[in-house]
Structures are given as structure tokens and as C-alpha cells.
Amino acid sequence: MHILHVVGARPNFMKAAPVLRALAAKPGVRQTLVHTGQHYDRIMSDVFFQELEMPQPDCNLEVGSGSHAQQTAAILTAFEPVLLERKPDLALVYGDVNSTVAAALVCSKLGVPVGHVEAGLRSRDRTMPEEINRLLTDQLSDLLFTPSADGDENLLREGIDRSRIHLVGNVMIDTLVRLLPRSDQHRRANLAAPYVLVTLHRPSNVDDLPWLRELLATLAELSQQLTVVFPVHPRTRERLTSLNTDSASHPRLQLLDPQPYLDFLALQRGAALVITDSGGIQEETTFLNVPCLTMRENTERPVTITLGTNQLVGRDLRKLRNAAKEILSQELEGGTNKGTERGRAEKQHRACSIPFWDGHAAERIAEIIVSRDKN
Ligand code: UD1
């Protein structure tokens with residue numbers, strides 16, 4: 001059986017790595033890895049292949065950056081001949097980035113069955129490009145692998161047949177479980193706890209410059225109380241440059257380059273609080289039992305709120321300040337070990353009560369694919 005995987009952007013790599021590994025362990029499975037080149041920098045792509053021990057891509061479409069239409073169109077055009085040449089029995093696509101929907105569309109037009117890993121998530125916010133990508137990819141997919149039960153419900157509501165939906169759990173958590181012990185050696189020696197970790201890259205936060213300026217001022221204010229570490233995504237870096245921000249006047253607000261996987265995992269693990277607009281980080285902080293404030297009005301990952309450590313603060317800086325104050329006063333309470341890594345590790349087994357977020361989601365996917373082939 002020949003399986004072709006398509007990856008393109010940073011969050012895809014953590015999701016594909018465990019699936020590639022689980023399928024490699026199955027006899028009679030041949031795999032091809034296609035990288036669209038949506039992300040291309042060493043720091044946004046290559047470093048993840050090394051740390052996650054992924055095979056090098058068999059083919060790189062090198063589409064690079066552009067508007068949504070340009071990027072999607074470039075993937076459609078470049079991927080079609082690759083698919084025609086490789087003729088896989090099944091293509092696997094991951095998450096909700098432009099590479100995901102573009103690859104799924106090419107496959108379905110050429111009659112190649114598609115499996116979507118991380119299917120069924122919905123924010124119900126169609127202003128987010130990822131929501132459009134999720135809706136369309138799921139409609140085009142033959143096998144839908146969901147990370148949580150809300151995904152199954154969303155797909156059923158959209159008329160997708162139950163027989164195509166498989167609740168397998170969270171593949172990103174597979175990667176986290178495998179590499180968590182290794183992240184210990186990746187702590188920043190010069191960063192003392194307690195600190196707040198920040199990531200922001202969604203257009204809704206960083207493309208609106210007056211809002212970004214206010215957001216940054218709030219982080220600078222927080223940094224008067226404790227260190228704020230902010231690895232800056234290239235999109236955000238571009239916007240900050242145009243704002244002409246003077247970070248030197250806030251010595252405890254540390255703007256870093258995007259971090260490799262293990263360094264970022266170490267940063268998350270040691271943080272007293274994470275402030276983010278990422279999808280994956282809402283999940284990882286839930287698993288790590290680290291409090292998370294999400295700068296979005298909605299989330300496609302509601303289990304991180306109902307069963308995890310996530311809270312939505314939307315575009316409300318007063319809410320952000322108040323929630324951060326409350327969390328930090330609890331986390332840093334003198335005399336308890338609540339806010340420490342050890343305290344959290346003790347609670348972790350109880351805290352991650354989300355079914356199938358157990359490090360074995362990719363094995364379940366591999367088993368479903370192989371047994372389907374036998375039938
Ligand atoms: C993409 C995904 C988003 C995901 C994010 C993770 C879509 C619609 N969005 O957003 O869901 O959360 O990746 O990072 O697919 N750039 C570089 N180096 C790179 C890649 C990009 O400098 O290797 C810069 C370019 O200036 C580019 C900008 O980052 O224009 C944005 O990249 P793009 O791929 O368009 O989207 P992301 O914001 O990264």
C-alpha cells in the first residue's frame with residue numbers, strides 16, 4: 001500500500017511525524033512525503049524535520065509565501081503532476097493550513113482517496129482562513145480522523161457519513177508525549193521562573209496595527225511584574241518592524257526568534273502563564289496543565305476550555321489584564337508548589353482527562369488505514 005503525506009506549514013510537522021512513524025512500522029506500507037514549501041525558513045521548517053526525526057521530503061513544491069489565492073493556486077498547480085506521477089492509494093493531509101485544502105482538492109479531483117488528520121474542528125468563524133480550510137477539507141475527505149468527540153458531532157451535523165469518521169485522539173499530543181523528556185535539556189539557562197510565554201500570529205491580532213500596538217503595551221506593562229518571553233512569528237515580526245517598537249525600554253519583555261520544537265516545549269512547560277492565539281498551543285498547554293489565555297473570540301478546540309486550562313479573552317485587554325492577574329496570583333502563591341513544574345506534573349495525570357490524548361493517536365490511525373486496505 002502506498003501512502004502519500006502532504007505537509008506545508010509549521011504545525012503540520014508535529015502532526016505528520018507520529019503518523020509517518022506509526023505507518024513505517026506496518027509491513028507492506030510504502031510512504032511518500034511531499035512538502036509544499038508554504039513554510040521554507042530553517043527556523044519555520046528544517047529544524048522541525050531534524051528534531052522530530054522526520055524523513056526528508058521526497059519532493060518539495062517550493063511554493064513559498066503569497067496571498068491566499070496565490071499560495072493555494074501555486075500548490076494546486078505544482079502538486080497535480082506529483083500526484084499523477086506517484087499514484088498513491090491514499091493521501092493524508094493535516095490540520096487546517098492552505099497546503100491542507102489545496103492538496104485535498106487536487107486529490108479528490110484525480111480520484112485519490114484523502115484522509116484528513118485533525119478533522120471536524122470548527123470555530124464557526126468564517127473570517128478565519130483556517131475555518132474555510134477545515135470545512136472544505138472535511139467535505140473532500142474519505143477518511144476523517146478526529147481529535148475529540150466534538151469533531152465527530154460537527155461532521156455528523158454537516159452530513160458526513162458516520163462510517164467515515166474515526167475518533168482517534170490528538171496526534172500533536174503524540175509528539176509532545178514522545179519528546180517531553182528530551183525537552184528538559186532545552187531550557188533557557190538565563191531564564192528564571194516565573195515568566196509568561198506569549199505567541200501571536202493570527203491576522204486578527206497582528207494585521208491590525210493600532211490593536212497590535214495596544215497589545216504590546218499591555219505585555220510591556222505585564223513585564224514590569226515578571227519576565228515576558230515572546231518568540232515572534234515572521235508575520236508578526238514584519239508588523240512589529242512597521243510599528244517601530246522600542247523593546248529596549250522594556251528589559252523584561254524578551255522578543256525572540258521563532259523557537260525550535262524542543263526549546264518551545266521547554267518554554268511552555270516552565271511558564272506560569274501562556275498568552276497565545278495559536279490552536280496547537282491551546283492543546284499543548286492543556287496537556288501540560290499550564291494556564292492559557294487565548295486572544296481570540298472563539299476556538300475550534302472547545303475541549304481545551306471545558307476539560308483543560310484554556311480561557312478565551314477575545315479582543316479585550318481589560319479581560320486579559322484581569323485574567324492574567326488572577327492566574328498569576330494563584331500560580332505564584334507563596335509556599336505552595338502549584339505554579340511549579342513539579343506541582344503541575346503531579347496533577348498532570350489527573351488533569352489530562354481528554355479521551356485519547358494519550359500519545360497513541362497515530363497508531364490508531366495506522367491501524368484503521370491498514371485494516372481498511374485488507375477489507
Ligand atoms: C500559517 C497557517 C496558520 C498556522 C501558521 C503557523 C494558513 C492559512 N495559515 O500561517 O494556520 O497557524 O501557518 O505558523 O495556512 N514567512 C517566513 N518564513 C516562512 C514562512 C512564512 O518568513 O518560512 C512569512 C512570510 O512573510 C509570509 C508570512 O510569514 O508572508 C505568513 O506565512 P503564511 O504561510 O502565509 O501564513 P502563516 O501566518 O505562517
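**Exercise 1. Describe how helix H9 (residues 209-222) and helix H10 (residues 234-243) pack.**

Solution. 
- Step 1: get the geometry. H9 and H10 pack at an angle of about 90 degrees, and their axes are 10 Å apart. Axes here are lines fitted to C-alpha atoms, for helices over the stretch in contact, and angles run from 0 to 180 degrees between N-to-C directions.
- Step 2: name the arrangement. H9 is therefore roughly perpendicular to H10. The classes are: under 35 degrees roughly parallel, over 145 roughly antiparallel, 65 to 115 roughly perpendicular, the rest oblique.
- Step 3: list the residues. H9 contributes Leu-209, Leu-212, Arg-213 and Leu-216, and H10 contributes Arg-239, Leu-240, Ser-242 and Leu-243. Contact means heavy atoms within 4.5 Å.
- Step 4: sort them. The contact of H9 with H10 holds 5 nonpolar, 1 polar and 2 charged residues. Ala, Val, Leu, Ile, Met, Phe, Trp, Tyr, Cys and Pro count as nonpolar, Asp, Glu, Lys and Arg as charged, and the others, Gly among them, as polar.

*Ground rules.* This is a predicted model: local features need pLDDT of at least 70, side-chain atom pairs count only at pLDDT 80 or more, and totals for chains, interfaces and linings use all residues. Residues are numbered from 1 along each chain as its sequence is written, and side-chain values use heavy atoms, with hydrogens and water left out. Helices (H or I, at least four residues) and strands (E, at least two) are DSSP runs, numbered from the N terminus.

**Exercise 2. Find the residues that touch the most other members of the largest nonpolar core.**

Solution. 
- Step 1: define the core. It is a set of buried Ala, Val, Leu, Ile, Met, Phe, Trp, Tyr and Cys residues joined through side-chain atoms within 4.5 Å. Buried means under 20% relative accessible area, exposed over 50%, partly exposed in between (1.4 Å probe, protein chains only).
- Step 2: pick them out. Among 56 residues, Leu-52, Met-54, Leu-92, Tyr-261 and Ile-369 touch the most other members.
- Step 3: find the main contributor. Helix H1 (residues 10-24) supplies the largest share of this core, 8 residues.
- Step 4: look elsewhere. A second, separate core has 30 residues, including Leu-215, Leu-273, Ile-327 and Leu-328.
- Step 5: zoom in on Met-54. Leaving out residues up to four places away in sequence, Met-54 touches Phe-13, Ala-16, Ala-17, Leu-20, Leu-33 and Phe-49.

**Exercise 3. Decide whether His-5 is buried or exposed, and trace its contacts.**

Solution. 
- Step 1: His-5 sits in strand S1 (residues 2-7).
- Step 2: check accessibility. His-5 is buried, at 0% relative accessible area.
- Step 3: Beyond four places in sequence, the contacts of His-5 include Val-19, Leu-23, Gln-31 and Leu-92.

**Exercise 4. Characterise the backbone at Glu-62, Arg-124 and Pro-194.**

Solution. 
- Step 1: recall the background. Most residues other than glycine have a negative phi, and most peptide bonds are trans.
- Step 2: take Glu-62. Its phi is positive, about 50 degrees. Glu-62 lies in the loop between strand S3 (59-60) and helix H3 (68-86), and is exposed at 66%.
- Step 3: take Arg-124. Its phi is positive, about 60 degrees. Arg-124 counts as exposed at 54% relative accessibility.
- Step 4: take Pro-194. The peptide bond from Ala-193 to Pro-194 is cis, with omega near 0 degrees.
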